[in-house]
Amino acid sequence: MEAGGNELPVLIGQLGPLNGQRWQIGQLLMIGRDPGCNIVIIDRQISRYHARITPTPEGILLEDLGSKNGTYVNGDLLGEPCYLKDGDQVQVALIQHFTYLSSDATMPLDGMLIPTPAIHPGLILDERSRRVWVGGQELIPPLSAPQFRLLQILYKHPNQVVSRIDLVDAVWKEDESGGVSDQALDALIRRLRNRLADLDSHHNWIVTVRGHGLRLDMME
């Protein structure tokens, strides 16, 4: 753990028993409950050999090894192996959370990602770690990538109306947004509202302004 140099990708433990630890990815890393794993997580929800991270010429490959309780990337259950992208959030059985950085040269100067904020009545979104807190509680599991992008564009314009066209472009990117239906956007909005309501069912964070778009209501 913690080899020298600053060119290798890194995996940083956040929420969970390995919080604050970091691993440079210069070789295969096995994650699991077995003491022989490179990253050992002692918890019954973790399989003996749960997941594997492998450096390849194409990038850093993450695989779930048929674990009982799954591996998640940015809130989505991992089915097929995937290549990690800078800032991706990895959760192992939702017990241990990691942040992946493409190089530890991109880490903040203090060497750590932001801590969980102190109790705060509002909504906090951290773009770097892709974490979201509502009333001081973190959304776990994290938002899916489309949900996060939707909330992100609204968060950048608090208490301002963002048009549906701009929302679609932000979530699905301009080159993919042409075929996105109103129903797809409405379904995504509904799922995001439900996730926020899991932590605060009394405040309507996402307000529909009919004929115009959506507004993130940051007022208490």
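Predicted model: local features only at pLDDT ≥ 70, side-chain atom pairs only at ≥ 80, totals over all residues.
Local features need pLDDT of at least 70, side-chain atom pairs count only at pLDDT 80 or more, and totals for chains, interfaces and linings use all residues. Residues are numbered from 1 along each chain as its sequence is written, and side-chain values use heavy atoms, with hydrogens and water left out.

**View 1. Helix 2 against helix 3.** The axes (lines fitted to C-alpha atoms over the stretch in contact, with angles from 0 to 180 degrees between N-to-C directions) of helix 2 (residues 164-172) and helix 3 (residues 182-199) come within 11 Å and cross at roughly 75°. Helix 2 is therefore roughly perpendicular to helix 3, a term for angles of 65 to 115 degrees. The contact (heavy atoms within 4.5 Å) is made by Arg164, Val168, Val171 and Trp172 of helix 2 and by Asp182, Ala184, Leu185, Asp186, Leu188 and Ile189 of helix 3.

View 2. The strands (DSSP runs of E, at least two residues, numbered from the N terminus) follow the order 2-1-11-10-7-8 with antiparallel pairing, where pairing requires at least two bridges found by DSSP. Strand 2 (22-24) and strand 8 (76-77) are the edge strands, each pairing on one side only. Two bridges join strand 7 (residues 71-73) to strand 8, and tyrosine 72 has leucine 77 of strand 8 as its bridge partner.

**View 3. The aromatic pair of tryptophan 23 and phenylalanine 98.** The ring centres lie 6.0 Å apart and the planes stand at 70°, so the pair is edge-to-face (centres within 6.5 Å, planes over 60 degrees apart, with the six-membered ring used for Trp). Tryptophan 23 lies in strand 2 and phenylalanine 98 in strand 11 (residues 96-101), so the pair ties together parts that are 75 residues apart in sequence.

Technical notes
Helix = DSSP H or I, 4+ residues; strand = E, 2+ residues; numbered from the N terminus. Parallel < 35°, antiparallel > 145°, perpendicular 65-115°, else oblique. Phe/Tyr/Trp six-rings, centres within 6.5 Å; stacked < 30°, edge-to-face > 60°.
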